[in-house]
Amino acid sequence: MRITKFISVLVICLLFGAGNLFAQGNFITNVNGRTHQSLNGKWKYILDQYETGQIGFSPLYKNSKAKSKSDRVEYSFDNAQTLWVPGSWNSQKEELYYYEGSIWFRKTFDYQPKHKNSRIFIYVGAANYKTTFSFNGKKLGVHEGGFTPFSFEVTDLLKKQDNFLILGVSNRREKDYIPAMVTDWYNHGGITRDVKIVEVPQTYIDDYTLVLQKESLNKKTRVVKGSVQLAGSDYPDKAKVEIKELGVAAEVSINKEGRGEFAFSSKKMSLWSPENPKLYDVKLIAGEDELTDRIGFRTVETEGKEILLNGKPVFLRGVSIHDENPVRRDRAHSMDDAKLLLGWAKEMGCNFARLAHYPHQENIVRLADEMGILLWEELPLYWGIDWKNEDVLKKAKAQYSELVRRDKNRAATIIWSIANETVPGEARNHFLREVASQVRSLDSTRLLSAACKKDGWEDGLAGDNYKVSDPIAEVFDIVSFNEYQGWYGGSPETCRNKRFTIEYNKPVIISEFGGGAIEGFHADKETRWSEEYQEYMYQENLAMFDKIDGVVGLTPWILVDFMTPLRQLPDVQDGWNRKGLVSESGAKKKAFYIMQNYYKNKKEEYK
Ligand code: GCB
């Protein structure tokens, strides 16, 4: 009888989504620029493989405790084991290595607001993939998407002592998720980025954008235009934007909706570029709220087959990167992790990185701003997306607006890439067009692209002539494609005969190329998995790309070996994709130096 009741509750909940409020979009931005306190550290956890935690024998978010010795509480956090947050669960416990399902996390804490009359939010940098968020026993909503932030307001629920925050995180794969069922990367589950308590005044600065105006690029006085959006109820008439170093103090008139636009000019402004990654401390003041951000000013556009940064042609000396620290075998989540990855890229001579295949942690974007590394940012519209499903399209738009909201003031980010290796077709073209126009409407100042495929051997078109004619490239500023000649097709020397026709008069980026090598395995250049094979393949590929008209950027696949359940070849892959130019332990393979040398020459060429 009990079981029948349980099943009917379960069915009703599944049908009606258990009253979930979806929380996409308006998270608190620039959390480090506001009053905050970390909730990182050890969290208690309960495993919930069948995902009944919202409704089961005891809804886990309620944090039930036995009140008497006869009370039956089957799920209790109090004596549970712990996991570190941030961190993927897979990397922390052997028995969780391949676990896919849900885990409920609990953090207890006392908190005394630092300011009187503050509003209190809890911010989560990312949790993979779907999170049920609850605070002090109340379910506040659900967030979907494993790589973008979310936050919930808890002002009215907060107590001075014994608060409990419970997050149910599921990393199950589903056909209507983004990404979908199969990826060539590891499905790190859990709360993978920082969790913070953030305090803001009753009315606060919710969003802001500053953009250097192209028309003023070559003028003595450079002009920046921007906007501020406040959240709250009692909007001040005016807000202010200040940059001390430039002597800027711009007044912003705030309208009834809490929005204001502004413009200021400066004769002294240095442009941001890889050679001169100049950032300014920008202070925004509105009523009681005040925050600072470090912002660089530059322009980016295309002209024919060139990409112009601050009006000058640039060659993007790039590399593809996954958001993973191979040494800790975990998702990257700290500034140190970001330094490790961008440090290798810089050593290789890069001025550009492709943050594949999903939004990376905010630290790496901010570090790229400081170091002068241009960025391609991406959404996991990857293999096997359910293009016909309108809900999936909504999710893609929601995730993209979160990414743009987070990073739109970063000078480093110049390209939004909306997809990777997707097969042209009516439904897919419609879907990506919709995403492209959504991204453009959110941010018309950056370039759009996607990693496409060429037409060739896969389509049975034998021969040496390849075409890049994906119809979706029509809506992009840059044509990008992945190319694995010498690894998935033919031996490295077959590169010599290949010719490419790009059907668009647009700049071209080779968004992936490469092949695997086991670091320290040396043999002749025909032996697969040897460093020599990889080195040879890089040489042949680079020579082939040099002959393609319009190539202005490369992002070889990939900077470092990365974890993936897709690659199991014993003694060779062992759960790792070996295409890294650097090994999992940080040793550079021979091909690393081929790229380093190639980029040294490119840098000279583009001086
Ligand atoms: C690709 C994918 C990338 C894979 C890579 C590979 O084309 O975009 O996610 O990891 O190939 O190693 O095969």
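Which residues surrounding the ligand are the closest? They are Asp184, Tyr382, Glu421, Tyr488 and Lys579, out of 15 residues that surround the ligand; a residue is near a molecule if one of its heavy atoms lies within 4 Å of it.

## Basis

This is a predicted model, in which local features need pLDDT of at least 70 and side-chain atom pairs count only at pLDDT 80 or more, while totals for chains, interfaces and linings use all residues. Residues are numbered from 1 along each chain as its sequence is written, and side-chain values use heavy atoms, with hydrogens and water left out.

## Ligand surroundings

The shell around the ligand contains six nonpolar, four polar and five charged residues. In this scheme Ala, Val, Leu, Ile, Met, Phe, Trp, Tyr, Cys and Pro count as nonpolar, Asp, Glu, Lys and Arg as charged, and the others, Gly among them, as polar.

An N or O atom in the side chain of Trp557 is 3.1 Å from a ligand oxygen, and for the side chain of Tyr484 the distance is 3.4 Å. Arg567 places a polar side-chain atom 3.1 Å from an oxygen atom of the ligand. On its own the ligand has 320 Å² of accessible area, and the protein covers 97% of that (Shrake-Rupley method, 1.4 Å probe).

## Aromatic pairs

The whole structure holds 29 aromatic pairs. Rings of Phe, Tyr and Trp (its six-membered ring) pair if their centres lie within 6.5 Å; planes under 30 degrees apart count as stacked, over 60 as edge-to-face and the rest as tilted. Phe315 and Tyr606 form a tilted pair, because their ring centres are 5.5 Å apart and their planes stand at 55°. Phe315 is in the loop between strands E22 (312–313) and E23 (316–317), and Tyr606 is in the segment after helix H7 (590–605), so the pair ties together parts 291 residues apart in sequence. Helices (H or I, at least four residues) and strands (E, at least two) are DSSP runs, numbered from the N terminus.

Phe315 is buried at 2% relative accessibility, whereas Tyr606 is partly exposed at 30%. Buried means under 20% relative accessible area, exposed over 50%, and partly exposed in between (1.4 Å probe, protein chains only). One aromatic cluster consists of Phe147, Trp185, Tyr358, Tyr382 and Trp383.

## Helix H3

Helix H3 spans residues 362–371 and is largely enclosed by the rest of the structure, because seven of its 10 residues are buried. Those residues are Glu362, Asn363, Ile364, Val365, Leu367, Ala368 and Asp369.

Methods: Polar contact = N/O pair within 3.5 Å; in protein donor to acceptor, adjacent residues only side chain to side chain.
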